Amino acid sequence: MEKRKFLNLCGKRDQALLSGEKRMSLGDMERLTYLTEFFELENYGIALWKEFGDDENVR
């Protein structure tokens with residue numbers, strides 16, 4: 001539920017990052033995590049780190 005809500009709030013670039021269409025940098029990951037906290041979607045922020053935090057492409 002939080003993921004869907006967050007994706008509706010994101011722009012096309014962020015949606016492409018979250019879908020894996022574009023390579024996500026560490027800066028992107030930090031910004032997206034900040035936004036999840038700002039929108040009070042902390043559980044989704046945790047899920048983002050679980051999904052992308054160990055990804056070798058996030059640098």
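Select D14 and R31 to start: these two form a salt bridge, with 2.8 Å between the closest N and O atoms. A salt bridge here is a side-chain nitrogen of Lys or Arg within 4 Å of a carboxyl oxygen of Asp or Glu. D14 lies in helix α2 and R31 in helix α3, so the pair ties together parts that are 17 residues apart in sequence. D14 counts as buried at 11% relative accessibility, while R31 is partly exposed at 30%. Buried means under 20% relative accessible area, exposed over 50%, and partly exposed in between (1.4 Å probe, protein chains only).

This is a predicted model, in which local features need pLDDT of at least 70, side-chain atom pairs count only at pLDDT 80 or more, and totals for chains, interfaces and linings use all residues. Residues are numbered from 1 along each chain as its sequence is written, and side-chain values use heavy atoms, with hydrogens and water left out.

R31 and D28 are three residues apart in helix α3, about one helical turn. D28 is buried at 8% relative accessibility; R13 is partly exposed at 43%.

Now show the whole cartoon. The protein has four helices and zero strands; helices (H or I, at least four residues) and strands (E, at least two) are DSSP runs, numbered from the N terminus. Of the 59 residues, 31% count as buried.

Colour helix α2 (residues 12–19). Its buried residues are D14, A16, L17 and L18, and they pack against α1, α3 (26–38) and α4 (42–52). Contact means heavy atoms within 4.5 Å. G20 follows α2 and has a positive phi, near 90°.

Move to T36 in helix α3. T36 is buried, with a relative accessible area of 0%. A polar atom of its side chain lies 2.6 Å from the backbone oxygen of T33. Leaving out residues up to four places away in sequence, T36 touches F6, L41, E42, Y44, G45 and L48.

Finish with L9, in helix α1 (residues 2–9). L9 is partly exposed at 45% relative accessibility.

Technical notes:
Polar contact = N/O pair within 3.5 Å; in protein donor to acceptor, adjacent residues only side chain to side chain.
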